[in-house]
Amino acid sequence: MKSNSKKGFKTTDIVYIGVFAAVIAVCSWIQIPLTVPITLQTFAVCAAAGLLGLRNGFLTVIVYILIGLIGVPVFSNFQAGPGVLLGVTGGYIIGFIFTALTVGGAVKLFGKKMIVYILSMIIGVAVCYAFGTAWFVIWSADNGSTTTIGAALMSCVVPFIVPDLVKIAAAAVLCSKLSKHIKV
């Protein structure tokens, strides 16, 4: 298939996917020690999807997850393997796929505009929260805990809202500044 075909991948697509998968990994290792440690994964996922678009942003997150699944310690706290994805917070990692689809889809439909970045990133992170929190509640029930949705929201979502809004703002600004330099 030709490298300039719409359906195929250009070398730059593959490089961007690899580089941004690495950026997500590095951002997962950076922790800001607050009452609940905050990582920069959400920032990296939003930026990757905003800059790379629907297909490449989605594939970036898939590559990141697959690398962690096979044992490379790319998840927060240098963790890796299927146990992380099947564990209590694995739903949030899987939720990154939906964040990338939401942000990338919005950029594809509505263009690379600041308002599109901000709104799609807010919606994308909310979808990640929903998926991850549902997973957390189900996992807890399967493992003998009686965690309510309200309790799960208070521990898994509320502490992260303000930091995630800051990360969304930073990712949106980064995307608006870099989008003219990254051609996908």
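How much accessible surface does the chain have, and what share of it belongs to carbon and sulfur atoms? It comes to about 9400 Å², with 75% belonging to carbon and sulfur atoms; areas here are Shrake-Rupley values with a 1.4 Å probe, and for residues only the protein chains shown count as cover.

A quick note on ground rules: this is a predicted model, so local features need pLDDT of at least 70 and side-chain atom pairs count only at pLDDT 80 or more, while totals for chains, interfaces and linings use all residues. Residues are numbered from 1 along each chain as its sequence is written, and side-chain values use heavy atoms, with hydrogens and water left out.

On to the fold. The chain has 7 helices and 2 strands, in the order α-β-β-α-α-α-α-α-α from the N terminus. These are DSSP runs numbered from the N terminus: helices are H or I with at least four residues, strands are E with at least two.

Here are the whole-chain numbers:

| Property | Value |
|---|---|
| C-alpha box along the principal axes | roughly 55 × 35 × 25 Å |
| Residues that count as buried, of 184 residues | 43% |
| Contacts joining residues at least 24 apart, among those at least 6 apart in sequence | 67% |

Buried means under 20% relative accessible area (exposed is over 50%, partly exposed in between; 1.4 Å probe, protein chains only), and a contact means heavy atoms within 4.5 Å.

Now zoom in on serine 140, which lies in helix α5 (residues 114–142). Serine 140 counts as buried because its relative accessibility is 4%. Leaving out residues up to four places away in sequence, serine 140 touches Val88, Ser145 and Thr147.
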